[in-house]
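Hi,

Here is the structure we talked about. Please open it alongside this note; what I found follows below.

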Amino acid sequence: EVHFEKEQGLLDRFRSDASVVRAVDGISLDIEEQDLVCLLGESGCGKTTLGKTMIGLQRPTGGSIRYRGQDIWEAKDDGGNAEISHEEIRRALQIIHQDPGSALNPNRRIANILSEPLRHTHPNISQAERRERMHSLLERVGMTPAGDFLDRYPHQLSGGEKQRVVLARALLMNPNAILADEAISAVDVSLRIEIMDLMLELQEEFDTSFLFISHDLSNARYFAEHGDGRIAVMYLGEIVEIGTAERLIHDPRHPYTEVLRWATPNLDLDAMEAEDPPIRQIDVPDPVNPPSGCRFHTRCPVAREACREEHPTLADVDDGDGKAACFREDPNHRYWDSEPLEGAAESKEE
Ligand code: SF4
């Protein structure tokens, strides 16, 4: 089981010139064995920071990240005394970056790039066995005949081929979870479905969990629908809604999810016929100084006075499929008695 959990609220701050930016704030997210979660949000919402923090590439300034109950950073600080060693955790949690070119050493042949993780996970196998394993995995990720690729350099590969090599390298570490950070953005549009299908097949074959990061709802929907996973929507460093793709697309409970739905015209939904964006203000607020109360209140089309004053937390939605952080979901909240904010529409209780 791969399991991340929050103890006191995961918090990650960056110092900018004169201020502190809360990139990720108060998030709790569990990833189970063979789980699939898509983190969705606009650029700058904190999804990459959250992903990197979850696999131990970035140290949070508060809260904790646990792998099978072991705090990742305690394992590093313990210098080998932890129940699960830092090396074991680093092996178990792998990342596929947005730009596969920058993830591959340009001066090394593909065979050298792939033999490195094998030396780590299988130190006692012969060179012939190592080559055989690299060969079969390259063919599995669609690079056939593999012999044609092993002696090439990264610059001799296309964007899609580089991403397949990066995927093969991650799998050679026998990971328990893979973070794919906008991993198909660099892949030619005509090949995206093929690469997404390949990742989903490999997830099953290698018994691994996947955390996909994307700004594109249609990609997140494809992963979540075909991989039987969940989508977590992020806004200004917080998860505002989480649930299955089916529920988020057809019955979104957070107004920001509705905005993302509107901004993704290829979802083929009747609701997309609205011409005006369902937001009051186009500009995203400054993350250095996020709005008070609900962080979405400056843009929310149904915001009321209560939203400016109180901060909503994630709560179960009534059909039991996921959670949303919006006062509109609670029929007893004082939201319903407070006045709409300027430019906001009346929200009707259903
Ligand atoms: Fe909009 Fe208020 Fe819900 Fe926030 S809490 S999303 S401002 S209705």
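This is a predicted model: local features need pLDDT of at least 70, side-chain atom pairs count only at pLDDT 80 or more; totals for chains, interfaces and linings use all residues.

Asp-99 sits in the loop between strand 6 (93–96) and helix 4 (100–103). With a relative accessibility of 41%, Asp-99 is partly exposed. A polar atom of the Asp-99 side chain lies 3.0 Å from the backbone nitrogen of Gly-101. Asp-99 and Lys-162 are 63 residues apart along the chain, and their C-alpha atoms are separated by 9.0 Å.

Asp-319 is another loop aspartate to look at. Its loop runs between strand 11 (315–316) and strand 12 (323–324). Asp-319 has a relative accessible area of 42%, so it is classed as partly exposed. A polar atom of its side chain is 3.0 Å from the backbone nitrogen of Asp-321. Leaving out residues up to four places away in sequence, Asp-319 touches Arg-247, Asp-251 and Arg-253. Take Arg-247 from that list: 72 residues separate it from Asp-319 in sequence, and the two C-alpha atoms are 9.5 Å apart in space.

Now two arginines.

Arg-91 belongs to helix 3 (residues 86–92). Is it buried or exposed? Its relative accessibility is 14%, which is under the 20% cut-off, so Arg-91 counts as buried. The Arg-91 side chain reaches the backbone oxygen of Met-173 at 2.8 Å. Its contacts, not counting residues up to four places away in sequence, are Thr-121, Met-173, Asn-174, Pro-175 and Asn-176.

Arg-169 is in helix 8 (residues 159–171). At 25% relative accessible area, Arg-169 is partly exposed. It touches Ala-103, Leu-104, Ile-113, Leu-114 and Pro-117, again not counting residues up to four places away in sequence. Of these, Leu-114 is 55 residues from Arg-169 in sequence, with 5.5 Å between the C-alpha atoms.

Next, the backbone. Most residues other than glycine have a negative phi, and most peptide bonds are trans.

- Pro-145 lies in the loop between helix 6 (127–140) and helix 7 (147–150).
- Glu-182: phi is positive, near 50°. The residue is in the loop between strand 7 (177–181) and helix 9. Its relative accessible area is 10%, so Glu-182 is buried.
- Leu-236: phi is positive here too, near 45°. This residue is in the loop between strand 9 (230–235) and strand 10 (238–244). With a relative accessible area of 6%, Leu-236 is buried.

On to helix packing. Two packed helices are described by the angle between their axes and the distance between the axes. The pair to check is helix 9 (residues 192–205) and helix 10 (residues 217–226). Their axes come within 10 Å and cross at roughly 35°. The crossing is right-handed. Helix 9 contributes Ile-193, Met-196, Asp-197, Met-199 and Leu-200 to the contact. Helix 10 meets them with Asn-219, Tyr-222, Phe-223 and His-226. By class, that contact has six nonpolar, two polar and one charged residues.

Then the ligand. Which residues are around it? They are His-254, Pro-255, Cys-294, His-297, Cys-300, Val-302, Ala-303, Cys-307, Pro-312, Cys-326, Phe-327 and Tyr-335. The shell divides into ten nonpolar, two polar and no charged residues.

Last, the chain as a whole. Its secondary structure comes to 13 helices and twelve strands. The chain has 350 residues, and buried ones make up 52% of them. Among contacts with a separation of 6 or more, 62% are between residues 24 or more positions apart.

Best wishes

Methods. Residues are numbered from 1 along each chain as its sequence is written. Side-chain values use heavy atoms; hydrogens and water are left out. A residue is near a molecule or strand if one of its heavy atoms lies within 4 Å of it. Ala, Val, Leu, Ile, Met, Phe, Trp, Tyr, Cys and Pro count as nonpolar, Asp, Glu, Lys and Arg as charged, and the others, Gly among them, as polar. Axes are lines fitted to C-alpha atoms, for helices over the stretch in contact, and angles run from 0 to 180 degrees between N-to-C directions. Helices (H or I, at least four residues) and strands (E, at least two) are DSSP runs, numbered from the N terminus. A crossing is left-handed if the near helix is turned anticlockwise from the far one by less than a right angle, and right-handed if clockwise. Contact means heavy atoms within 4.5 Å. Buried means under 20% relative accessible area, exposed over 50%, partly exposed in between (1.4 Å probe, protein chains only). A polar contact is a pair of N or O atoms within 3.5 Å; within protein, one must be able to donate a hydrogen and the other to accept it, and residues adjacent in sequence count only if both atoms are side-chain atoms.
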